[in-house]
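Here are my notes for you as you look through this model.

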Amino acid sequence: MTADAARLLPSSTLDDLATQFSVQRQAFAGNPMPPAAQRLQWLKSLRQMLLKHQDALAAAISEDFSGRSIDETRLAEVMPSIQGLRHTERHLKQWLKDSPRKVGLAFQPASAKVVYQPLGVVGIIVPWNYPLFLAMGPLTCALAAGNRVMLKLSEATPATGLLLKQLLESAFPQDLITVVLGEADVGEAFSRLPFDHLLFTGATSVGRHVMLAAAQNLTPVTLELGGKSPAIVSATVPLADAAERIAFGKTLNAGQTCVAPDYVLVPRERLDDFADAYRKVVHRFYPSVADNPDYTAIINPRHLARLESYLSDARDKGAKIIDLYPQEVRQGRRLPPHLLQQVNDDMRVMQDEIFGPLLPLVPYDHLDEALSYINQRPRPLALYYFGYDRGEQQKVLEQSHSGGVCLNDTLLHVAQDDLPFGGVGPSGMGHYHGHDGFLTFSKAKAVFAKQRLNAARLIYPPYSKPLIKWVYKLFIR
């Protein structure tokens, strides 16, 4: 099935959505606390499906991009999805255990515990840039927590969406996992369903609309957004180290990653040397880009035009644009990496999340200046610091806010199953991955229990009893 053919398929209608939601709600009511064995079987079936069909999924994603590196799909989508499933399978029984809590002396004899209960029907809205990993990650967490799940896949990746729908519907009943396809109107209607939790990954501008729609039902939301994730190059770090790791984070998926470095703060006196080091490592990664299957294309003409408009706008406003492959004739939508110097806040490339292989370089004179520059802007999804001085590392951690941090690396914090992933403020709210994802899609129910003996009778009315004064003396002090 080609991408063009997939676009001609009928999408979910509004009546379909209501019906599918109702079917899942009824199924949950019939099995509100699935046992560990059943949840583990769901996770195992999902993992086996991915392993069996990984080649077809990678081919579908490449088709949607008109050239997406198969190895990037394996490394950045298939592998973390499989590892996330394995991590969850290993730890699920421990996560499911009740958590005992302490009871204060004034309320004894009694016991207290937290029970982790499935929420019900969960909605997941999946973006186009990593259509497999950003579907499988939250799906893994939601199933581990015992929920029913409706997945809305991106209209920008129709071939992937159709294949995932076919695979998931062949492996799972639709009252457990329902896959929804359709354009923006379907996505809008999807976000208005009365889910027990809704997770959205995508642009901040769209996230506002999703949150507003969810508010009509008081549906709790997890928003994984983005923003302009900065990288700081210190005054002492070897430039070859920093450039290599920043280039990997910026060129993977041609920069179409929510946690890709969006701009780099570089000591003023090291600016040209960093640019040279970055150029060398990018050419080592990709000797060419025009016909290189390792280098991914921009997802569609609209996003390519957006990125080219950033370059034109920056050039017109005085930026120095460095095309790292000036002699190559472009093929298709493979936009080569560019560096931008002499940038300012009037340029769109410094206002919007770039989501592409364009990398502005911003000079600074002192670390405090770099931190001030970051802190004056909306809080980003990720922050990257390159430098081996432990004191400076701690200063960056304490004096900045971001969803997550890598010290001397990029992107890889997202692949750690035992770390929460999520933004802060404009870059999102809430967390998932691993245990944090299990908690996000569970209700931590407080349970307080007493048996026959009831010491609380001491504080029942009438309050003229002498014992009440003794209670006050003992506990109000």
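1. A term to begin with: helices (H or I, at least four residues) and strands (E, at least two) are DSSP runs, numbered from the N terminus. With that in hand, you can find P462 in the loop between strand 16 (442–449) and helix 15 (466–475). The peptide bond joining P461 and P462 is cis, with omega about 5°.

2. A word on the source. This is a predicted model, in which local features need pLDDT of at least 70 and side-chain atom pairs count only at pLDDT 80 or more, while totals for chains, interfaces and linings use all residues. Residues are numbered from 1 along each chain as its sequence is written, and side-chain values use heavy atoms, with hydrogens and water left out.

3. Now the whole fold. The protein has 15 helices and 16 strands. Its radius of gyration is 26 Å, close to the 23 Å that the globule rule gives for 477 residues, so the protein is as compact as a globular protein of that length. For this, the radius is taken over C-alpha atoms, and the rule is 2.2 Å times the number of residues to the power 0.38. Along the principal axes, the C-alpha atoms fill a box of roughly 90 × 55 × 40 Å.

4. How much of the protein is buried? Of the 477 residues, 54% are. Here buried means under 20% relative accessible area, exposed means over 50%, and partly exposed is in between (1.4 Å probe, protein chains only).

5. Next, the interior. Nonpolar side chains tend to be buried together in soluble globular proteins. A nonpolar core is a set of buried Ala, Val, Leu, Ile, Met, Phe, Trp, Tyr and Cys residues joined through side-chain atoms within 4.5 Å. The largest one here has 122 residues, and L151, L168, F274 and Y278 touch the most other members. Helix 3 (residues 36–65) gives this core its largest share, ten residues. A second, separate core has 18 residues, including L17, A189, V221 and L225.

6. Zoom in on F274. Its contacts (heavy atoms within 4.5 Å), leaving aside neighbours within four places in sequence, include V233, L239, A242 and L361. Across the protein, 74% of the contacts with a separation of 6 or more join residues 24 or more positions apart.

7. T440 sits in helix 14 (residues 434–440) and is buried, with a relative accessible area of 17%. Not counting residues up to four places away in sequence, T440 touches L119, H197, T222 and H431. E353 is in the loop between strand 11 (338–341) and strand 12 (358–364), and is partly exposed at 22%. E353 and D262 are 91 residues apart in sequence, yet 7.0 Å apart in space, C-alpha to C-alpha.

8. Last, some backbone details worth checking. Most residues other than glycine have a negative phi, and most peptide bonds are trans. The bond from Q108 to P109 is cis, with omega near -5°, and P109 lies in the loop between strand 1 (99–101) and strand 2 (111–118). Which phi values are positive in residues other than glycine? L218 has one near 55°, and N408 has one of about 65°. L218 is exposed, with a relative accessible area of 76%, whereas N408 counts as buried at 10%.
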